[in-house]
Amino acid sequence: MKNIFRHSVFFAVLLSMVASSCADRADKSVPRSFRNEVVLKTTPVKDQGSSELCWAYAMLATIETERLEMGDSVNLSPDCLARLWLQEQARACFLTRGRVGVSLRGMAPMALRLIERYGMEPYDSYHPLGSISYRSLSRAAMQVARASRSLRMLDTRLGSMLDRQIGYLPPTLFMLGVGYTPQEFAQSVYVEGDYVALTSFTHHPFGTAFVMEAADNRMLDTFYNIPLERLMNTIVSSLRHGHPVCWEGDISEPGFDFRRGCATLPDERHEPTQAERQWAFEQFQTTDDHCMELCGLARDADGHLFFIAKNSWGTDNPYRGFMYLSYNYVRMKTIAIVVRNGE
């Protein structure tokens, strides 16, 4: 996998070709210029469409950038994770007689758990040729589970349906003439323990891990709790040392504008405190809405720090699918991050 992946893009080249400006929320006629300080390598921006798979797209994008920065080119399949998760939930639905539903919502650590259990496929080996409605597919998987009379029947019926809708999942991958199982391929790009999930909330003690109270935490993953200053320093330090960050947070604010490629708070002069952040979380003003890869750092014309994010909503914005998130937006609206362990 040391061959250069021909579709990989270097965001530095992209940004040098695109004017770095997005409209200020207070005055949308006044553009804001950016000077990029850190730009990590990325694979091409993908589009999750209307699916709820942002957690898969963002976590895989983070792994891809990590490998690119190491000199290893790899592009991973979100559809592989979607299929694996549908199959696992359909089995749970059958065994609980329908009490467990089927949904493709999730959090970033869930992608890592699925890779550990089942392996992974490259993007070129597994992705649908056309558009697919994963919401409809989730409902169909639940219907198959409820109508099946045994796990064997469920696996056969569901497997056939997923083969038709998404595509046949190859049991063996061939790269440079060498065959790999999905598990062997996965171990070449990710090993259990490579990443750690972090958060910062005061309803649990700092220095302990807790199960995040979020509806999308379907696998009951734990997040290590640290003070806000340390969380922000970890994000900045990771990026400066060449390691991407998988970011989960709130995008329901009016200041989050994908069309303009920018996310800011109403008052960027005020740096949110730990107490303000906690209050917003407890009042459900900060919720777990979306997941993206953070892949760089930039400064606006006034010297304020912004994070460069790779979104998964296609390329229809001024930065071909990337965004600029203000330091204070990330400070206030982060639910959790997943970062290279030890960074």
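Modeller: Helices (H or I, at least four residues) and strands (E, at least two) are DSSP runs, numbered from the N terminus. The model before us is predicted, and local features therefore need pLDDT of at least 70, side-chain atom pairs count only at pLDDT 80 or more, and totals for chains, interfaces and linings use all residues. Residues are numbered from 1 along each chain as its sequence is written, and side-chain values use heavy atoms, with hydrogens and water left out.

Colleague: Let us begin with a helix; which residue with a positive phi follows α9?

Modeller: Most residues other than glycine have a negative phi. Here α9 is followed by Phe284, whose phi is positive, near 60°. Phe284 lies in the loop between α9 (274-282) and β11 (290-300).

Colleague: Is Phe284 buried or exposed?

Modeller: Buried means under 20% relative accessible area, exposed over 50%, and partly exposed in between (1.4 Å probe, protein chains only). Phe284 has 67% relative accessibility and so counts as exposed. Arg320 also has a positive phi, of about 55°, although it is not a glycine. Arg320 belongs to the loop between β12 (305-310) and β13 (322-326) and, at 43% relative accessibility, counts as partly exposed.

Colleague: Which residues of α9 are buried?

Modeller: They are Gln274, Arg277, Gln278, Ala280 and Phe281. These residues cover an arc of only 160° around the axis, so they lie on the same side of α9; the arc is that of the directions from the helix axis to the C-beta atoms. The buried residues of α9 pack against β5, α8 (228-240), α10 (327-333) and β14.

Colleague: With which strands does β5 pair?

Modeller: Two strands pair if DSSP finds at least two bridges between them. Four bridges join β5 to β14 in an antiparallel arrangement, and Leu198 stands opposite Ile337 in β14. The pairing of β5 with β7 (residues 222-225) is parallel, over two bridges. Four of the five residues of β5 are buried.

Colleague: What is the bridge partner of Thr199 in β7?

Modeller: The partner of Thr199 is Asn225. Thr199 is in β5 and is buried, with a relative accessible area of 0%. Contact means heavy atoms within 4.5 Å. Leaving aside neighbours within four places in sequence, Thr199 is in contact with several residues, among them Phe210, Met212, Arg277 and Ile335.

Colleague: Which residues touch the most other members of the largest nonpolar core?

Modeller: In soluble globular proteins, nonpolar side chains tend to be buried together. A nonpolar core is a set of buried Ala, Val, Leu, Ile, Met, Phe, Trp, Tyr and Cys residues joined through side-chain atoms within 4.5 Å. The largest such core in this structure has 62 residues, of which Met59, Ile63, Leu81 and Met120 touch the most other members. Elements that each supply at least two residues of this core include α2 (54-69), α3 (78-95), β5 (195-199) and β14 (334-340). The most is given by α3, with nine residues. Not counting residues up to four places away in sequence, Ile63 touches Leu76, Leu112, Ile115, Val189, Tyr190 and Tyr195. Apart from this core lies another, of 42 residues, among them Leu231, Trp247, Ile251 and Tyr329.

Colleague: How many salt bridges does the structure hold?

Modeller: A salt bridge is a side-chain nitrogen of Lys or Arg within 4 Å of a carboxyl oxygen of Asp or Glu. The structure holds 19. In one of them, Asp72 meets Arg67 at 3.0 Å, N to O; Asp72 is buried at 4%, and Arg67 is buried at 15%. Asp155 and Arg91 form another, with the closest N and O atoms 2.7 Å apart. That pair links distant parts of the chain, since Asp155 is in α6 and Arg91 is in α3, 64 residues apart. Glu253 and Lys333 also meet, at 2.8 Å, N to O. Furthermore, salt bridges that share partners join Arg35, Glu37, Arg240 and Arg299 into one network.
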